[in-house]
Amino acid sequence: RWLSRVWTLVQEYLEQPEKTIPEGARQAIRRSIHGMIKKMTEDLESNDYNTAIAAAMSATNDLYKLKTKHFGRDETWQSALTALVACIAPFAPHIADELWQQLGHSTSVQKDSWPQHDEKYLTTDEITIAIQVNGKLRGEVQVPSGATEEQVVKAAKADDKVHTHLTDSTIRKTIYVPGRLVNIVG
């Protein structure tokens, strides 16, 4: 089924008109694909084939989600699908070769080089922090990736869902796990 989804995705892309994709969507596509390339490269080098395939499946799911909003013939989609096809080639060589040809390459996918990931696409500008009140999950907040503990706690307290749970009690302490969560104890 997964290979069928990859096939369908490429066919739908080939039928799309030229379209300029917004920068936010481009970043999401690149983040997904470069994450897949990095994971698959590491997994293949350590002979972890199941997790390598799982990374390709996850990237395929991400691309399906992204295509619902911003889909069209664009350099970003072209390179993403080319990388996806190249990465599945060791596991499904015949379908990968056919899709490779359809994406405009004249040689076999087996003769071209393995895609390289770029670390700059793997970093995010914002991170999601879980917010707990007395140990119970009450919400999430988006903060810049370099935010300090003070900034994260301030954003957590300002969240509407969290604020309703804080109105009846005084805050005794806050526990901050960098990049993961804030627990406000009242």
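**View A. Lys67 is buried, with a relative accessible area of 18%.** Buried means under 20% relative accessible area, exposed over 50%, and partly exposed in between, computed with a 1.4 Å probe on protein chains only. The structure is a predicted model, in which local features need pLDDT of at least 70 and side-chain atom pairs count only at pLDDT 80 or more, whereas totals for chains, interfaces and linings use all residues. Residues are numbered from 1 along each chain as its sequence is written, and side-chain values use heavy atoms, with hydrogens and water left out. The side chain of Lys67 meets that of Glu12 in a salt bridge, with an N to O distance of 2.1 Å. Glu12 belongs to helix α1 and Lys67 to helix α3 (residues 49-67), so this pair ties together parts that are 55 residues apart in sequence. Helices (H or I, at least four residues) and strands (E, at least two) are DSSP runs, numbered from the N terminus.

**View B. Salt bridges involve Arg30 with Glu23 and Lys38 with Glu119.** A salt bridge is a side-chain nitrogen of Lys or Arg within 4 Å of a carboxyl oxygen of Asp or Glu. Six such bridges are found in a search of the whole structure. Arg30 and Glu23 meet through their side chains at 3.6 Å, N to O. Arg30 is buried, with a relative accessible area of 18%, while Glu23 is partly exposed, with 44%. In the second pair, the closest N and O atoms of Lys38 and Glu119 are 3.3 Å apart. Lys38 lies in helix α2 and Glu119 in the loop between α5 and β1 (126-133), so parts that are 81 residues apart in sequence are tied together. Both partners count as partly exposed: Lys38 has 27% relative accessibility, and Glu119 has 41%. Through shared partners, salt bridges also join Glu23, Arg30 and Glu75 into one network.

**View C. Arg26 is found in helix α2 (residues 23-45).** Is this residue buried or exposed? Arg26 is buried, its relative accessible area being 15%. The side chains of Arg26 and Asp74 are joined by a polar contact of 3.1 Å. A polar contact is a pair of N or O atoms within 3.5 Å; within protein, one must be able to donate a hydrogen and the other to accept it, and residues adjacent in sequence count only if both atoms are side-chain atoms. Neighbours within four places in sequence aside, Arg26 is in contact (heavy atoms within 4.5 Å) with Thr20, Ile21, Asp74, Glu75 and Thr76.

**View D. Lys69 is found in the loop between α3 and α4.** With 66% relative accessibility, Lys69 counts as exposed. Lys69 and Ala25 are 44 residues apart in sequence, and their C-alpha atoms are 8.6 Å apart in space.

**View E. Ala96, Leu99 and Trp100 are the buried residues of helix α5 (residues 93-102).** They cover an arc of only 105° around the axis, which puts them on the same side of α5. The arc is that of the directions from the helix axis to the C-beta atoms. What covers these buried residues includes α1 (2-15) and α4 (75-88). Just after α5, Gly104 has a positive phi of about 105°.

**View F. Four strands form an open sheet in the order β2-β1-β4-β3, with mixed pairing.** The edges are formed by β2 (136-144) and β3 (173-177), each with a single partner strand, so one side of each is left without a neighbour in the sheet. Neighbouring strands of this sheet are turned by 20° against each other on average, direction ignored. Helix α6 (residues 149-158) packs on the sheet and touches β1, β2, β3 and β4 (181-185); the direction of α6 makes about 65° with that of β4. Axes are lines fitted to C-alpha atoms, for helices over the stretch in contact, and angles run from 0 to 180 degrees between N-to-C directions.

**View G. β1 pairs with β2, and β3 with β4.** Two strands pair if DSSP finds at least two bridges between them. β1 and β2 are antiparallel, with eight bridges, and Thr128 stands opposite Gln142 in β2. β3 and β4 also run antiparallel, joined by five bridges; the bridge partner of Lys173 is Val185 in β4. These two strands form a hairpin with three residues between them, and Gly179 in the turn has a positive phi of about 75°.
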